[in-house]
Amino acid sequence: MSSNLLTIAPADLFVRYSLDSARLGERPMVERRLADLRGSFADAAAYEAALARGNPILYQVSAVEPASGDGQLHYGLGMLQPGRIGDEYYLTKGHYHSHRPAAELYVGLRGEGAMLLEDEASGESRLVPLLPNSAVYVPGHTAHRTVNTGTEPLVYLGIYPSNAGHDYAAIAEKNFRHLVVARDGRPTLIPRPAAQL
Ligand SMILES: [Fe+2]
């Protein structure tokens, strides 16, 4: 379906967002809690111990999807809380795009974090800072996960082609090959334990 200025709802032309609540206009917010992240963290004992203490919200995401079809854009606002499971920083599940060639632009708005990027074909990884006043380009064919390495909520926008789609299953089946952990208080990329690959 083609779209133009006249077919887009006014509420999709102009959207206010909040860096405090992670709300994107009146859009519904999806919550991901610790229990939803089972299998994402490397230290299973630390995960179970944390879950026994409570089931906090780790992150919230809302999206604006004004139109679909060739050339259209969607975007989302994410807020990821600070914290760690063992040495591993709080993270999002991460995904590939269902339409693998689709790239994405992340814009850091608040807090201090990083994006873990992994090339699907080679398994090569990059850890790229995600900070206010900066943007991260996520190429196609790249798994991407957000990590909060700071002490306050990490807030960011992600802007992607409307046909990108989210493939979470590929990550659930085969987790990222690297972890982002605190070493001497600094974010460090280390290989995932071989038994978990
Ligand atoms: Fe994405």
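Trainee: How many helices and strands does the secondary structure of the protein come to?

Mentor: This is a predicted model, in which local features need pLDDT of at least 70 and side-chain atom pairs count only at pLDDT 80 or more, while totals for chains, interfaces and linings use all residues. Residues are numbered from 1 along each chain as its sequence is written. Helices (H or I, at least four residues) and strands (E, at least two) are DSSP runs, numbered from the N terminus. On that basis, the protein has three helices and 13 strands.

Trainee: Is Asn4 buried or exposed?

Mentor: Asn4 lies in the segment before helix H1 (10-13). A residue is buried if 20 or more other C-beta atoms, placed from the backbone, lie within 10 Å of its own, exposed if 12 or fewer, and partly exposed in between. Because Asn4 has 7 other C-beta atoms within 10 Å, the residue is exposed.

Trainee: What is the bridge partner of Glu118 in S10?

Mentor: Strand S7 covers residues 113-119 and runs antiparallel to S10, with seven bridges joining them. In S10, the partner of Glu118 is Ala143.

How values were computed: Pairing = 2+ DSSP bridges.
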